[in-house]
Amino acid sequence: MSAVEKGWKDVPIGGLILEAGSAKKYETGDWRTHKPVWDKEKCSNCMICWIYCPDASILIKDGEMSGIDYKHCKGCGICAHECPRKCIEMVLDTGENGEAGAGE
Ligand code: SF4
Ligand code: SF4
């Protein structure tokens, strides 16, 4: 066994969450194949996308939608499906503009 490998007694038991809020550090946006692109001009700030997003990836600032957290958005497309004004479009994610809040 090399110096960097851990023995079985050192590895956490599977399924345990050792630290509260750890999901925030886990950038699940890497899993995405398609990403939501938001058209701010058409948005009425009804917050329906915020209610439905299973990953809390709709960003809010001063009571209004301010963008999409691409670091955590998994690209499920629910926001685009539910938006009554059709101002979120799902597009193939080429890896560009992957910053949090992009789409503003
Ligand atoms: S559901 Fe559509 S209109 Fe409503 S806040 Fe989200 S993007 Fe804007
Ligand atoms: S695509 Fe899914 S995870 Fe991403 S912002 Fe929309 S509802 Fe949330």
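**View 1. Overall arrangement of the chain.** The protein comprises 2 helices and 4 strands, where helices (H or I, at least four residues) and strands (E, at least two) are DSSP runs numbered from the N terminus. Along the sequence these elements follow the pattern β-α-β-β-α-β. The model is predicted: local features need pLDDT of at least 70, side-chain atom pairs count only at pLDDT 80 or more, and totals for chains, interfaces and linings use all residues. Residues are numbered from 1 along each chain as its sequence is written, chains are lettered from A and ligands numbered from 1 in the order in which they are written, and side-chain values use heavy atoms, with hydrogens and water left out. Of the 104 residues in the protein, 30% are buried; buried denotes under 20% relative accessible area, exposed over 50%, and partly exposed the range in between (1.4 Å probe, protein chains only). Among contacts (heavy atoms within 4.5 Å) between residues at least 6 apart in sequence, 70% join residues at least 24 apart.

**View 2. Confidence of the model.** The mean pLDDT, the predictor's confidence in each residue from 0 to 100, is 87 for the protein, and 89% of its residues reach 70 or more.

**View 3. Aromatic rings.** The structure holds 1 aromatic pair. It is formed by tyrosine 26 and tryptophan 31 in an edge-to-face arrangement, 6.0 Å centre to centre and with 75° between the planes. Rings of Phe, Tyr and Trp (its six-membered ring) pair if their centres lie within 6.5 Å; planes under 30 degrees apart count as stacked, over 60 as edge-to-face and the rest as tilted. Lysine 35 lies over the face of tyrosine 70, at 5.2 Å from the ring centre; the criterion is NZ of Lys or CZ of Arg within 6 Å of the ring centre and within 35 degrees of the ring normal.

**View 4. Residues with positive phi.** Most residues other than glycine have a negative phi. Asparagine 45, although not a glycine, has a positive phi of about 60°. This residue is placed in the loop between strand E1 (34–38) and helix H1 (48–52), and is partly exposed, with a relative accessible area of 26%. Aspartate 62 likewise has a positive phi, near 50°; its place is the loop between strand E2 (58–61) and E3. At a relative accessible area of 76%, aspartate 62 is exposed.

View 5. Serine 66, in strand E3 (residues 64–68), counts as buried because its relative accessibility is 13%. Its C-alpha lies 9.3 Å from that of asparagine 45, 21 residues away in sequence. Aspartate 69, in the loop between E3 and helix H2 (78–82), is buried, with a relative accessible area of 11%. Aspartate 69 and glycine 29 are 40 residues apart in sequence, with a C-alpha to C-alpha distance of 8.4 Å. Glycine 95 belongs to the segment after strand E4 (88–92) and counts as exposed, at 60% relative accessibility. The C-alpha atoms of glycine 95 and arginine 32 are separated by 9.6 Å, across 63 residues of the chain.
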